[in-house]
Amino acid sequence: MPEAKPKPGRGSWLIANATVFIASGCVMIIEIVAGRVVSQHLGQSLYTWTSIIGIILAGISVGNYLGGRLADRYEPRRTLAVMFIIGSATCLTIPVLNIAMGNLRLLWSFAWPARIVVHVAVTFIVPSVILGTISPLVAKMALASREEVGRTIGDIYACGAAGSIAGTFLAGFYLISWMGNTAVICVVAGVLAMLAVYYGFRMKGVYLWLVVYLAAFAAAFGPGAVSYTHLTLPTSDLV
């Protein structure tokens with residue numbers, strides 16, 4: 001007789017939906033923050049927002065494609081932990097890459113629309129791809145605990161969309177004005193790190209990354225560190 005497929009405890013459909021909600025919210029928070037971050041070098045224009053929206057959507061699409069294949073090849077929980085670690089790490093590179101691309105003299109010779117596209121792509125494409133892998137992995141995990149395939153997939157899509165809406169309003173109306181660009185990015189990286197701990201609680205790598213993240217956060221915002229207000233736009237420009 002074929003072995004019965006084990007039903008994952010922590011990988012229940014409720015946890016799966018919450019994971020997609022949070023991950024999708026993080027993507028949209030990064031997208032809203034992107035407009036503020038790149039404006040320091042590129043200003044805010046139709047070209048800027050078109051590039052941000054298009055490139056992040058492209059990254060999510062590529063991530064969905066890769067996530068589906070990862071879900072078929074590897075165990076979803078461990079893979080989610082790895083993806084959340086990488087997503088957390090790549091989010092922390094956003095401020096550094098933004099400054100590097102803004103000061104890259106090679107781009108100054110590009111046509112203005114091309115310069116914007118390249119700048120935004122280098123800064124945001126990798127985090128977008130990594131976070132785009134989450135939904136297919138979570139869907140595979142959720143399907144292992146429920147028999148209703150259509151309902152399960154529908155729930156995942158609905159919670160992802162709801163998370164995107166929540167992240168958009170949370171970032172635009174509250175987080176950026178309260179914390180500043182760099183701090184918001186670091187908080188998103190922290191949320192992803194905690195999700196990595198949840199899904200990979202038996203993996204040593206997640207705790208190693210958590211220590212690295214906490215050390216980086218303390219160095220940037222702890223006692224004696226440069227205030228995040230000096231790393232972002234002035235408060236008067238945040239409204």
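**Reading the core, the surface and the cysteines**

Reply: The model is a predicted one. We may begin with its largest nonpolar core, which has 58 residues; L80, F84, F124, V138 and L192 touch the most other members.

Me: Which elements give two or more residues to this core?

Reply: They are helix 1 (13-42), helix 2 (46-73), helix 3 (76-92), helix 6 (112-132), helix 7 (134-143), helix 8 (149-179), helix 9 (181-199) and helix 10 (204-221). With 13 residues, helix 1 gives the most to the core.

Me: What does L80 touch, not counting residues up to four places away in sequence?

Reply: On that count, the contacts of L80 are I134, L137, V138, M141 and Y199.

Me: Which residues form a nonpolar patch on the surface?

Reply: The patch consists of I165, F169, L170, F173, Y174 and W178, and together these have about 710 Å² of accessible area. F169 lies in helix 8. Buried means under 20% relative accessible area and exposed over 50%, so F169, at 48%, is partly exposed.

Me: How many disulfides does a search of the whole structure find?

Reply: The search finds zero disulfides. For C91, the nearest cysteine sulfur belongs to C26 and is 7.3 Å away. A disulfide requires a pair of cysteine sulfur atoms within 2.5 Å, and C91 is in none.

Me: Is C91 buried or exposed?

Reply: C91 counts as buried because its relative accessibility is 0%. C159 has 21% relative accessibility and therefore counts as partly exposed.

Conventions:
Residues numbered from 1 in each chain as written. Predicted model: local features only at pLDDT ≥ 70, side-chain atom pairs only at ≥ 80, totals over all residues. Heavy atoms only, no water. Buried < 20%, exposed > 50% of the residue type's maximum accessible area, 1.4 Å probe, protein only. Core = buried A, V, L, I, M, F, W, Y, C linked by side-chain atoms within 4.5 Å. Helix = DSSP H or I, 4+ residues; strand = E, 2+ residues; numbered from the N terminus. Contact = heavy atoms within 4.5 Å. Patch = residues over 30% accessible without salt bridge, like charges linked within 9 Å, V, L, I, M, F, W, Y side chains within 5 Å. Areas by Shrake-Rupley, 256 points an atom, 1.4 Å probe, with all protein chains shown as cover. Salt bridge = Lys/Arg side-chain N within 4 Å of Asp/Glu carboxyl O.
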